[in-house]
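Have a look first, then read on.

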Amino acid sequence: MTATTGQPASVAARASDVWKVYGSGEAQVIALRGVSAEFERGRFTAIMGPSGSGKSTLMHCLAGLDTVTRGTVHVGDTTVTGLGDAGLTKLRRDKVGFIFQQFNLLPTLTAKENILLPLSIAGRKADPAWYDVVIETVGLRDRLDHRPAQLSGGQQQRVACARALVARPEVIFADEPTGNLDSRSGAEVLNFLRNSVREHGQTIVMVTHDPTAAAYADRVVFLADGQIVSELIEPTAETVLDTMKKLDTPAEVAG
Amino acid sequence: MFRATLKSLLARKVRLVLSGLAVVLGVTFVSGAFVLTDTLGRSFDSLFADAYAEVDVNVAAKPKLEVGEMEGQQISGPFPATALETVRAVDGVAEATGVVSTDGARLIGSNGKAVTSFGAPQLGGNWTGESDLVQLREGRAPQADNEIVINKGLADAGKVALGDRVGVLTLEPRQDFTIVGIFGYSGDRDSLGGVNEVMFTTPVAQQLMLGEPDVYNSIVVTAADGVSAEGLRDSVAAAVGDGYVVKTGEQLSADAAAGLKEGLAFFNRILLGFAAVALLVGTFLILNTFSIIVAQRTRELALLRAVGASGKQIIGSVVLEAIAVGLIASVFGLAAGIGIGALLAYLFGNLAGGLVLAGVAVPAAAVIGAFGVGLVITVLAALLPALRAARIPPIAAMQDVATPDRPLTKITVAGALVTAVGATLLFLGLGGHAGGNTLATILGGVLFSFIGVALLTPLISKPVVAALGAVFAGWVPGKLGRLNSGRNPRRTAITAAALMVGIALVTGITVILDSAKSSITGLIQDNVKAELVIAGVQSGPRPPTFDPAVLTETKAIPGVRMVDGQYVDQALVGDERAWVGAVTEPAAMRQIYGAEATAGDIDRLAPGQMMISSDTAESRGLSVGSTVPVQFARGDAQTYTVTGIYESSPILGPVMLPADAARNFSVTQPSQAFIQLEAGTSVSDVLPRIEALLADSPEVSVADREAFLEEQTGQLDGLLQMIQILLALAIVIAVLGIINTLALSVLERTRELGLLRAIGLRRSQTMGMITVEAVVISVFGALLGVVVGSGLGAAVVEALKDEGITELVLPWGQMGVFLGLAALIGVIAAVLPAIRAARINVLGAIAHD
C-alpha cells in the first residue's frame, strides 16, 4: 500500500519501494517490504506500529543512518540511497536533524554549546533572530549556561529539540522523543514540536508507539510486518488507538 | 566467581593486551639483563679457563699499588730475571718460563691511527713460543730486535699483514717493527675476548713494556708429572719469598673472571635501573587500565554484588584478572628477554672479536626476576582499582548513576605529602646527610617525587589542560577534544604522568650533563691561558699519550711562550691513594692554570719536591716543609717535601710533582700538554708545526682551546645519547598508555561519537577530535616532565657545586624539542583510536540501549 498526500513538489522526504533485509538464509529477517511513503514539507507525521513492525528501520533508512536493500530514499532533492560517508555527513549537516529518546547531549558542553554544536561543526553561524526564536520557544533562556547533568530530563530533551531546530533542517527525525520522559514533560516537548511545525513550517517525522504522542501529529502512518497498512489524517488519541487495535498485535497498544 | 572472572577477562582481552605490553617490556629488560650478563659471565669464565689452562702455577711480584678493576690499571711490577732460576730449582717444577705481558702496546694501523680495542687490554710481551693455546698462523717467531708477531685479530683491525713495517707505541714513543708472524688461538679464535697482543723478543719486551732490562712480570710454571698445582704453589711460594704472589692457574683464572664480573655486575645494575624506570611507567599504565575497566564494569560488578557476591570476592576477581595478565605478560617478557639477552651477547661477542659464547642459558635470577617483577607490579597496580570496585553499591546495577566527580582533596593532600617526602629524601641525599646510603636515598627521593607529582597531577591538569587547549579554541573538533581530555582529571593525569617519568629523567640528566659541560668549559675558558692543547680521547683504562720529545720540540717553535706537559697517575701518597700529576713546567701553575699560592713557592719544583692543593694540605695536616712518602706504580717509595701550596681549584689536581716522577708512573708518557703563545702569534701559524711533530703520536692531536673543549665534552654527549636511547623505552611505554587510555575512552563514548556523527561531524573531524585529546594529554605530560626534570637536575647541580659544577644550564632547545616530540607522540598515539572512532557505525552507536 502506498501512502500519498499533497503535491510531489512539497515533499520533504520520500521512500520509494524500500526493502530492508537483514541476514540471509534461514536467519533472514525482512524488516521492510517495499515501503513507499512521502512526507510533506511543513507537516508533522508520526510513524506508528507495533514493536518489530519496522517503524524504526524506516526512519533510520529515511535519515540515511541505515542503507536500504532495494528501493530509493530522497530527502528534499537529495537522493540518499548510494551516498558515501562524506555525502551522508553533508546530508546530516544541511538537511536532517535528530531528536533521540536518550537526549544524547554532550556532557562536556553547556546547553547553549550543545544547541549550537551542529552549526559549529559545520562551520556556520546561527541566524541570531532564529536562534532567539528557538530559545524563546523552548523556554530555556535562563538555563543556557548549565551542563546537561544540571538539567532535568524534560529540559535536556528541550535542549535536544532546540539543537535539531536551530539549523533549520529540511526534516527533523524524532525517535521516541518522549519515551524517557514523564507525561507532563512529554506533553511540553510534543507541544513544542507541533508549534514549530505550525508556526515555523518545520517538517518533522516522529516514530512513536504512544497513541497520545501520535495524536499531536498532522498525520499518522501505520506499519505492520514491514508494510504500510493504514494512515490517519488529523488523528486523535482515540482514532489512533482504534486503528492500532485493528492491527494484529494489540498488546503493544497499552499506552 | 572464578569462571566469571575468566570470561570477563577473555571478553576484554584486547584492552588488556596494551597494558600487558607495558609489563612485557619491563620484564624483557629485567630478564634480558640477567641473561646477557650470565651468558657473558660464563663466556669469560671459559675464556679465562682457556687462557690459563696451561698454567699450573703463576708467580708475580706483589703490586706496588692496589688498584681495583673499575678504578684504573693495576701494574704487576717487574722483578729480576734471577727469580726464574730460583723457581726452576724448586722440586716438582717441570718447566718455568719468564713472561713479559702488560697492557699498553698500541699498534699503529695502516691508516696511521693507533688501533683501539674498545676497552680490552692491548698487551705487549715476549714471545715464548707456540702452545696448545697460541698457534702461529703465518710466518715465524721474532728473532731480531725489530721483529714482532701479532695476533690475527689485531692484524685485521689494523689492516696490516705479514712483512709490513709498523709503528708500535709502548712505554717508549713510537718504534717501528717488521711483522714476521701472525698468530691465533686454539678453537680458530683470532683474539681472546677482544684482547690485542704484540709479541717482541724478550729483551725488547722487557725494555719497552717493563722499562728495564732483565726483568719479567710473571713466571709461568708447569708442574712435573704427579705434582699437584696446589702443592707446587706452596713450595714455589716458599722458595721465592715474601715479595711475590704465587697462584695456581685456576686461582688466576678465577681472579681474572671475578674482576671482569665486577664490571658485568655494574652493567647489570645499570640495565636493571632502566628496567625499574620502565616498570614504574608500566605501573601507571596498568593502574589506569584497571581503573577504567572497573569504571566501565560498574553495572556488571554491582549486579554481581546484587546477586550476592561479597566485596572480597569482587576484589578477588579484579586481582585474579591482574594475576592472569601479570603471568601471561611475564611469560612473554621472559621469552623476549632471553631472545634479546642472547642477541646482545652475540653482538657483544662479535664486537669483542673472538669471544666464543657459552651456550645461552636462563639463570634462575632471570626467571625469578621476570615473574616476581611482572606479577608483583601488576597486582600492586590493580589493587587500588580493585578496592574501588569493592565499594560499588549493588544499587548501581539498577540505576544509571552518573559517577559524580570525586573531589580531588584527598589525592592532592596525599600527593603533597609524598612529594614532600621525596623532596626531603632528595635534600638529604644530595646534601650528603644520608650517611652511607646516599645513592639509595637519592633514588628513593626521585621515586617518591615522581609518585607525589603524579598524585598532584589531577589538580594541576585542570588549569594546564585548559590553557593548552586554548590553542585549539577556534576549531570545533579541537575544542571537543580538549574538553574530553579535561573530562576525567585522574585518567588524564595518570596517562600524562607516565610520560612525565621518562621525559623528566631525560631532562634531568640533560640539565646535569649540560651544566657540567658548560661549567667545565667556563672554568677552562676563564682560568686556562693556553691557546693550544695536545690531547686525545680516552677509550679504556689508559689515557692516550704522546712522545715527550714533542714538548721540547714544541717549545722551540718560534712564537711559543710556554709548554706544560702533564702526566697523570694514581699513587699512594702517605697512606692514602690519590691522583697525582707531574708537570714539565712548574711555572705554568701560575701562568697557564692561574693557580694562586697560599703558602710557599709554586713557581718551581726540584726533584724530590711537591706542591699540594690547599684542601689536601688541610685534610692531611700538611704544610710547607712537611715530608711525605709516595709509592708509585713502579719502583720503591720515595720521599717528597712540600714546597708550595696552591688554592684548590677544580682544574688543578690535589698533588703536583716534578716531571721526573713520571718515570715511575704506570703510564710513563705525557697525556696532555697546554701551550701558551707569545702575544701576537697566530694560532694558525703554530698549529701545523705541532701537528707535524705529532705524526708519530697518533693517539693525540693538537687543537685550539675551543676544539679541545668540544672534544672533551663530546664524551658527555655520547653518554647522554646512550641514556636517551635507554629511556626512550619508558617513553614508548607511556605512548602505549596514551593509546590505551584513548582506546578505552573511545569505547566508553561510543554513543556520544555516534551522536556527533549523526549531527554532522565528518570522519576527519572525529579523528581530529581524538588527536587533539591525545596531543593535549601528551604535551601536558611532557610539560610536567620538563618541569620536574629541570627541578631534579637543578637540585643535583646545586649539590655538585663544590665539585666545580657551578653553572646551571637549562636546555631550552632540548625542552622545546621534547614538547614538539610530545605533540608528535600524541598524534601517533591517536592514530588507531581515531580510526576506530571514525569507523563507529552511527546507527549502531545511537540505537544501542
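Let's start with A:Glu188, which sits in helix α6 (residues 183-200) of chain A; helices here are DSSP runs of H or I, at least four residues, and strands are E runs of at least two, numbered from the N terminus. With 34% relative accessibility, A:Glu188 is partly exposed, a label for values between buried (under 20% relative accessible area) and exposed (over 50%), using a 1.4 Å probe and protein chains only. A:Arg158 is 30 residues away along the chain, and 8.7 Å separates its C-alpha atom from that of A:Glu188.

As for housekeeping, this is a predicted model, where local features need pLDDT of at least 70, side-chain atom pairs need 80 or more, and totals for chains, interfaces and linings use all residues. Residues count from 1 along each chain as written, chains are lettered from A and ligands numbered from 1 in written order, and side-chain values use heavy atoms, without hydrogens or water.

| Domain of chain B | Residues |
|---|---|
| domain 1 | 1-55 + 249-404 |
| domain 2 | 56-248 |
| domain 3 | 457-527 + 706-849 |
| domain 4 | 546-696 |

Taken over C-alpha atoms, the centres of domain 2 and domain 3 of chain B are 55 Å apart. Chain B has an average pLDDT (the predictor's confidence in each residue, from 0 to 100) of 84, and 94% of its residues score at least 70.

Key. Domains from an automatic or database assignment.
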